[in-house]
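Subject: Structure handover

Hello,

Here is the structure for you to look at. My notes come after it.

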Amino acid sequence: MTAAASSQDLLPADLAMGTVMLKVGDMKLMADYYQRALGLEVVAEQDGGLYLGRLGRPLVHLAPAPGLHIPGRGEAGLFHTALLFEDQASLAATVATAAQYEPRSFTGSADHLVSEAFYFTDPEGNGIELYWDRPRSNWSWNGTDVVMDSLALPPQRYLEQYLTEESLEGQRRTTAGVGHVHLQVGHVQAARDFYVGTLGFEKTAGWHGQALFVSAGRYHHHMAMNVWNSRGAGPRKDTLGLGEVLIEVPSGDDVGALADRLKVAGVASHHTGAELRFEDPWRNRIRVAVR
């Protein structure tokens, strides 16, 4: 925390990322992918949409959006939804089922020092990260910045080391959560002004002026923003892809404090008391609600 920052200026340290809503063109195809490739189950159904998750906890909300188009490569929006697994065997099981479902959907893997990550793309082009965190005691910090990297992480070797019949068979009986959400934006500094300066996240890392990583409570990152495919992008059109990011906070006081910060910053929002809805500068919809 900087000397100028108070608890009223920051998001609560124990916030959590909630369900990510995706606007979907082909519900049958996408539901099949998230269930068979990622081992999620239908938790609830609403208005023709599906909430998919593990052990009753919704992680992804697929909302039907017929008539919308897939966004262009240079547009702002979702870079990836990152699903966090409790151990390496659970991660390996889902990496295996995702790769088996559609090998071409695999886009890479990396050892980030704080985590081990594997990347995929769903049938409508939404990025997905599947990852496991190393214990926090193993993370290194350079002042307020966490030390991260992108080192080689050979997927076949990883599966040979950690995949077991037990983890495959018990895949749907293990927990998973939305660990972080990574966005495509038009400008990194504008993202920092909004997500750090207004919302109250703290910066935890940068990447050569091309990416920003932010968190609450010294997690490596709850959200990230980059311009790798979208430098200079303006506000989003109404397209398939990201519909809404949910951030869960412990109390109504946390929601109220954020509502006050948004008002001071001139950011339009809708505040019901228990939750707050607003958009970032690229029209990415965000909902902050009491857990």
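Predicted model: local features only at pLDDT ≥ 70, side-chain atom pairs only at ≥ 80, totals over all residues.

Residues are numbered from 1 along each chain as its sequence is written, and side-chain values use heavy atoms, with hydrogens and water left out.

Whole chain

The chain has 6 helices and 18 strands; these are DSSP runs numbered from the N terminus, helices being H or I with at least four residues and strands E with at least two. Along the principal axes, the C-alpha atoms fill a box of roughly 55 × 45 × 35 Å. A compact globule of 291 residues would have a radius of gyration near 19 Å, and the chain agrees with that at 18 Å. That radius is taken over C-alpha atoms, and the globule rule is 2.2 Å times the number of residues to the power 0.38.

Of the 291 residues, 52% count as buried (under 20% relative accessible area; exposed is over 50%, partly exposed in between, with a 1.4 Å probe and protein chains only). Among contacts (heavy atoms within 4.5 Å) between residues at least 6 apart in sequence, 69% join residues at least 24 apart.

Helices H2 and H3

Two packed helices are described by the angle between their axes and the distance between the axes. For H2 (residues 88–101) and H3 (residues 155–162), the angle is about 125° and the axes are 9 Å apart. Axes are lines fitted to C-alpha atoms, for helices over the stretch in contact, and angles run from 0 to 180 degrees between N-to-C directions. H2 and H3 are therefore oblique to each other (under 35 degrees is roughly parallel, over 145 roughly antiparallel, 65 to 115 roughly perpendicular, and the rest oblique).

On the H2 side, Gln-88, Ala-89, Leu-91, Ala-92, Val-95 and Ala-96 meet Tyr-158, Leu-159 and Tyr-162 of H3.

Two loop residues

Most residues other than glycine have a negative phi. Leu-113, however, has a positive phi near 75°. Leu-113 is in the loop between strand S6 (106–111) and strand S7 (115–121), and counts as partly exposed because its relative accessibility is 31%.

His-208, also not a glycine, has a positive phi of about 50°. His-208 lies in the loop between strands S12 (202–206) and S13 (211–215). With 67% relative accessibility, His-208 counts as exposed.

Regards
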